[in-house]
Amino acid sequence: MAIVNRTIWEPAENAWESSRLASFATHVAAGGGPLVDDYGAALDWSLREPGAFWAALADWGGVRFHERPTAALATSTMPFAEWFPGATLNHAELALRQADLTPEAVALVSVSQTRDRVELTWGDLADQVARCRRGLVDRGVGRGDRVVAFLPNIAETTVAFLATASLGAIWSSCAPEFGVRAVTDRWTQIEPKILLTVDGYRYGGKDVDRRVQVDEIIAALPTLEHVVRRAYLDPDGEDGWGALLDHDAADAMASMAFESVPFDHPLYVLFSSGTTGLPKPIVHGHGGITLEHVKALALHDDLGPGDRFCWFTTTGWMMWNFLTSAALVGATVVLFDGDPAWPDLSTLWRLAADEELDVFGVSAPFVMACRKEGLRPGDDHDLSRLRHLGSTGAPLPPEGFDWIDDAVGSHVQIGSLSGGTDVCTGFVGPAPMLPVRAGEISARMLGCDVQAFRPDGTRCDPGETGELVIVQPMPSMPIGFWGDPDGSRYRAAYFEEFPGVWHHGDWITFDEQGSCVITGRSDATLNRGGVRLGTSDFYAVVESFPQVSDSLVVHLEDADGGPGELILLVATVGGVDVDEDLRRSIGARLRSELSPRHVPDVIDMVPAVPRTLSGKKLEVPVKRMLLGMPASDAASRDSLADPGSLDGIERWIASRRSTGAGR
């Protein structure tokens with residue numbers, strides 16, 4: 001495929017010299033390492049000598065080891081490479097070190113549609129973590145115990161997470177909009193000791209009471225010994241948070257300690273989306289997450305003390321973990337809980353202006369929704385301090401880059417990022433000294449040996465689309481799956497397609513300069529007559545129509561080798577009908593902008609496109625439903641942002657079959 005090569009943003013002339021990456025490079029050279037003076041040289045060194053790179057990063061980033069490692073990378077064979085053997089540390093200790101340096105500076109801001117804004121200094125944060133830690137200890141929580149949180153993206157959640165980590169206990173969170181089954185499918189696997197929960201929340205103008213669902217969750221978790229309720233929706237309701245923190249501040253701080261744990265001791269358990277079976281319980285370790293997030297946030301987002309950082313996320317998405325880790329580099333974390341489209345789509349842009357954000361992250365679908373709405377945030381709000389806008393969750397098409405440049409501000413670097421829950425970070429993304437080209441992700445991130453592979457396991461040439469793989473270990477790769485003692489499930493998930501190589505399941509294309517384009521999931525690829533196309537290209541065309549609010553495309557292959565059937569389902573703005581004029585217009589534009597082979601055989605309307613709670617379209621489950629699988633087996637409704645969205649798909653399939661068109 002041809003890669004778009006139009007530069008949309010250029011770094012300042014002194015971008016390298018003024019960056020934290022240059023500071024890191026100076027540190028490396030002073031320690032006897034190579035002298036690198038641009039991003040390409042730094043990337044090459046990080047891949048050529050990964051052990052030296054990560055050891056230097058730990059040193060430069062102030063990662064305090066209680067016991068020093070005997071090596072940085074003892075064995076590099078995947079899976080289960082051995083990082084920093086013998087090292088002990090604690091993630092929470094490193095996240096709170098700024099409290100000793102600038103206790104009066106702002107550490108955390110919590111903005112909510114349910115209650116008033118909350119602001120904590122570093123001293124406040126350390127005090128609350130210490131008191132929460134004491135409360136957890138009083139309730140019998142210790143090293144290795146699981147603490148689960150049915151909490152929104154608010155200050156208390158960050159406090160509880162750091163308190164949990166300080167004890168060497170293991171954290172897992174679900175956003176309170178998750179359905180009961182989505183929660184219990186996750187947490188029954190890890191057998192938690194204590195649950196932290198809210199009573200409900202306000203989403204835009206609607207109060208959402210979750211007390212009944214909380215009781216159902218509790219009933220499904222027999223290992224629970226304690227439940228701590230936070231009166232969030234109803235401030236006068238039952239509240240155990242005050243009792244959890246009801247300790248003398250001086251005593252709590254005096255007894256504050258950080259459990260010294262091995263580098264690969266579990267920090268938290270994240271879960272895959274769980275749309276097609278039990279969610280995978282992905283275990284991440286203290287050391288790997290700490291190093292990876294220091295690298296990504298300091299060297300790629302150029303964050304440090306005094307900077308203000310927000311990523312719109314819920315506690316059920318890995319970006320919450322990534323956001324919280326900004327404390328590792330001393331940045332101020334800004335949290336938001338609520339409906340980003342209430343009272344209108346300008347809500348998050350007002351937040352960026354009001355909180356004077358330096359770095360702000362959103363999802364690609366949100367960017368495209370703002371574009372479709374005709375918003376011009378740069379004209380309507382003071383975004384002069386904003387220097388970096390991150391985008392993830394789906395590929396950002398060139399039109400999204402153009403809109404940001406025009407409507408948000410040409411001074412803003414667009415940081416398209418791709419990675420996943422599996423590694424709890426991005427592995428291709430931006431760097432402050434790299435130009436940005438429309439539709440492209442700027443580079444492999446440091447220490448991430450991402451390549452494009454052909455089916456036979458050979459490396460693709462520049463411009464050739466292949467399977468996204470990672471051929472060298474990363475510290476933040478999972479330490480395993482919970483309840484998988486022999487590692488068989490973990491191997492099957494990532495290492496069966498190409499033995500010894502991480503297979504991620506996306507299509508990726510690199511150009512000669514090392515920038516790349518991701519075109520969707522490889523298991524959802526459209527392939528007609530030998531022309532292969534990722535779904536992101538398809539959606540960029542279809543969703544450019546003002547009548548279309550969302551869309552989903554599925555290709556049903558022909559067992560006899562024919563072109564198969566290409567089905568396009570669209571949700572429309574205001575529920576307007578998909579008439580023949582719109583069908584012809586969509587087909588004509590797909591023909592001219594993509595290829596004649598990608599004109600759908602069927603274009604029809606559904607009330608809503610099913611998406612996961614993190615915003616990903618259910619292409620594969622819908623394809624399975626079209627092939628005859630019951631909806632209850634194809635996808636878990638509780639894992640969806642709108643559980644009712646599958647009903648419309650079911651009705652459409654039933655109607656299709658009644659006319660004899662379905663399989």
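1. A pocket is here an open set of grid points with protein on both sides within 12 Å along at least five of seven lines. In this predicted model, the second largest pocket has a volume of about 360 Å³. Of its 25 lining residues, A81, E82, W83, D264 and I479 are the closest to the centre.

2. Helix α19 (residues 535–542) packs with helix α20 (residues 580–593) at an angle of about 130°, and their axes are 10 Å apart. Angles over 145 degrees would count as roughly antiparallel; α19 and α20 are therefore oblique to each other. The crossing of these two helices, α19 and α20, is right-handed.

3. In the contact of α19 with α20, F538, V541 and V542 of α19 meet I586, R589, L590 and E593 of α20. This contact has 5 nonpolar and 2 charged residues, with no polar ones.

4. Helix α21 (residues 619–626) and helix α23 (residues 645–658) pack at an angle of about 30°, their axes lying 10 Å apart. Because angles under 35 degrees count as roughly parallel, α21 is roughly parallel to α23. The crossing of α21 and α23 is right-handed.

5. From α21, the residues V622, M625 and L626 meet L646, I649, E650, W652, I653, R656 and R657 of α23. The contact of α21 with α23 divides into 7 nonpolar, no polar and 3 charged residues.

Conventions. Residues are numbered from 1 along each chain as its sequence is written. This is a predicted model: local features need pLDDT of at least 70, side-chain atom pairs count only at pLDDT 80 or more; totals for chains, interfaces and linings use all residues. Side-chain values use heavy atoms; hydrogens and water are left out. On a 1 Å grid over the protein atoms alone, a cavity is a set of points where a 1.4 Å probe fits but cannot get out, and a pocket is an open set with protein on both sides within 12 Å along at least five of seven lines; lining residues have an atom within 4 Å of a point. Grid points are joined across faces, edges and corners, and a volume is the space filled by probe spheres set on the points. Axes are lines fitted to C-alpha atoms, for helices over the stretch in contact, and angles run from 0 to 180 degrees between N-to-C directions. Helices (H or I, at least four residues) and strands (E, at least two) are DSSP runs, numbered from the N terminus. Angles under 35 degrees count as roughly parallel, over 145 as roughly antiparallel, 65 to 115 as roughly perpendicular and the rest as oblique. A crossing is left-handed if the near helix is turned anticlockwise from the far one by less than a right angle, and right-handed if clockwise. Contact means heavy atoms within 4.5 Å. Ala, Val, Leu, Ile, Met, Phe, Trp, Tyr, Cys and Pro count as nonpolar, Asp, Glu, Lys and Arg as charged, and the others, Gly among them, as polar.
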